[in-house]
Amino acid sequence: MQFFFALGWIVYVVYLPRLAQQAGLDARWVPWLLVLDQLVFIATDLAVGLASDRAARVLGRIGHWVLGASVLSAMAFLALPWVAPQARRCCSPP
């Protein structure tokens, strides 16, 4: 996976000067665009990491309840073929 990320970055850097020229930017701005791109990546990576840590703490507290509800829901779904025919007999109009 890391190979594909690196390959995508290389293709991005190779074609960025041509894309900048098509957008009307001089090629001398390309290095600054790359620096800005990395600064945005750093900021968003930090923000997502902090949010992920916070979410992990919350999930750690309620994880057992979520697991229990998921298991109960799965068991109810698996029981439908046996429960549904009986419900039709008991609750259908004569």
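Reply: Helices (H or I, at least four residues) and strands (E, at least two) are DSSP runs, numbered from the N terminus. By that definition the protein has 2 helices and 0 strands. The model is predicted: local features need pLDDT of at least 70, side-chain atom pairs count only at pLDDT 80 or more, and totals for chains, interfaces and linings use all residues. Residues are numbered from 1 along each chain as its sequence is written, and side-chain values use heavy atoms, with hydrogens and water left out.

The structure contains 2 aromatic pairs; rings of Phe, Tyr and Trp (its six-membered ring) pair if their centres lie within 6.5 Å, and planes under 30 degrees apart count as stacked, over 60 as edge-to-face and the rest as tilted. The ring centres of Phe-3 and Phe-4 are 5.3 Å apart and their planes meet at 70°, so this pair is edge-to-face. Trp-9 and Tyr-12 make up a tilted pair, with 5.3 Å from centre to centre and 45° between the planes. Both Trp-9 and Tyr-12 belong to helix H1 (residues 2–22), where they are 3 residues apart, about one turn of the helix.

As to exposure, buried means under 20% relative accessible area, exposed over 50%, and partly exposed in between (1.4 Å probe, protein chains only). Phe-3 and Phe-4 are both exposed. Trp-9 is partly exposed, at a relative accessible area of 35%, and Tyr-12 is likewise partly exposed, at 33%. For the setting, 4% of the 94 residues of the protein count as buried, and the C-alpha atoms fill a box of roughly 80 × 35 × 25 Å along the principal axes.
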